[in-house]
Structures are given as C-alpha cells and as structure tokens.
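Dear colleague,

I am passing the structure below on to you, and my notes on the core and the disulfides follow it.

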Amino acid sequence: PAEGEGEGEGEGEGEGEGEGEGEGEGETVQGTEYTTGVAEDGVVCGATTCVETTDSCCVPLDPNGSPECAPAGTCTPFATFEVPCDGSEDCPASAECCRVGFQVACVQGGCAAEGDDKICVNTVECGVDSTCCTSDLLVAAGIDGGICQPAANNCAATLPPGS
C-alpha cells in the first residue's frame, strides 16, 4: 500500500462496568400563606359545608368536578380525595387534623407524634415558627385549609424527584 493508505482487519471485544450515584432534585412548588380560613364546625366543601360529624368532603381528582359531602368512607376510590377534617376543631378532643401520606385524618395525640403535617385554617393554629401554607390546587378545590410548615420555608415545598 502507498503511503497514507492501509489495509487491516480486526476484531474486538470489550466489557465495561460503571457505577453511578446521584440525587435528582425535585420540583419546588411555591405556595402562599393561608390567612382567610376560619375554624368552623364541619368541613368546607366547595360551596357548602359538611356539618354532620359522620360526613367527609369528597374532592374530585378531576379539576372539572365539584366537591360534595358524603358519609365517611363512601368517597369513590381513585376518583376522589376524602377530607374528613379541615382543622382540628373537626376532630375529637386530643386529636388533630393531619395529612397522613396522601390522606387526611384525625390523629389521636397530634400530628407531630406520628411525623405527620398538621392541617390548618390559619397561621395561628400552627404555633411558633410555623406558617399555614396552601396551594392554588387546594383553593381551586374549595378546601378551607392548608398545611403547617416551618416559617423558614416561606411556603415553598420540594416534591420528591419523579412526582
């Protein structure tokens, strides 16, 4: 072959291993301080209030739906979100209204004992160095409440990666 030209044959195999670590950052959602709520008997549910102690507000997951009152435990699974309380005034004595995972429930002994978030209708309910925060989603659904968060968060919450 001439200079600069070449012939060749070859075979090759390769193996590779790799390790990786990393943490993705979740999306930050900015809420607002909720100051307009009022502790009332019953659960504010859209344009009405569920006043029976055995009723819950069934909030539809479809943004075009309307929340409605129904007997506790009868909200349609996977189509509605059941809200039995919108503040601790709706719970038995010595219980608080808490967000427990993706549910709302009255928790005997209080939310902090279980590591849950307290549901509030205003910042006064949250205590020292905490703020009652809500989101556009809750307000649009007609829910009279928010979640107590550390005041230093300024009502910003970071969702886990992939949510």
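Which residues of the largest nonpolar core touch the most other members? In this predicted model, that core has 13 residues, and those with the most contacts to other members are Cys57, Val83, Cys97 and Val104. At least two residues of this core come from each of strand S3 (43-45), strand S5 (55-60) and strand S8 (95-100). Leaving aside residues up to four places away in sequence, Cys97 touches a set of residues including Cys85, Cys91, Val104, Cys106, Cys111 and Ile119. Another core, of five residues, lies apart from the largest one, and Cys120, Cys126, Cys132 and Cys148 are among its members.

The structure holds nine disulfides, and I describe some of them here.

One of them joins Cys98 to Cys111, with an S to S distance of 1.9 Å, and because the torsion about its S-S bond is about -95 degrees, the link is left-handed. Since Cys98 lies in strand S8 and Cys111 in helix H1 (residues 111-114), this pair ties together parts that are 13 residues apart in sequence. Cys98 is buried at 0% relative accessibility, and Cys111 is likewise buried at 2%.

Cys126 and Cys148 form a disulfide with their sulfur atoms 2.2 Å apart, connecting the loop between strand S10 (117-120) and strand S11 (130-134) to strand S12 (residues 146-150). With relative accessible areas of 14% for Cys126 and 13% for Cys148, both fall under the 20% cut-off and therefore count as buried.

A disulfide also joins Cys133 to Cys155 (S to S 2.1 Å); the link is left-handed, with -80 degrees about the S-S bond, and Cys133 and Cys155 are both buried.

With best regards

Key:
Residues numbered from 1 in each chain as written. Predicted model: local features only at pLDDT ≥ 70, side-chain atom pairs only at ≥ 80, totals over all residues. Heavy atoms only, no water. Core = buried A, V, L, I, M, F, W, Y, C linked by side-chain atoms within 4.5 Å. Buried < 20%, exposed > 50% of the residue type's maximum accessible area, 1.4 Å probe, protein only. Helix = DSSP H or I, 4+ residues; strand = E, 2+ residues; numbered from the N terminus. Contact = heavy atoms within 4.5 Å. Disulfide = S-S within 2.5 Å.
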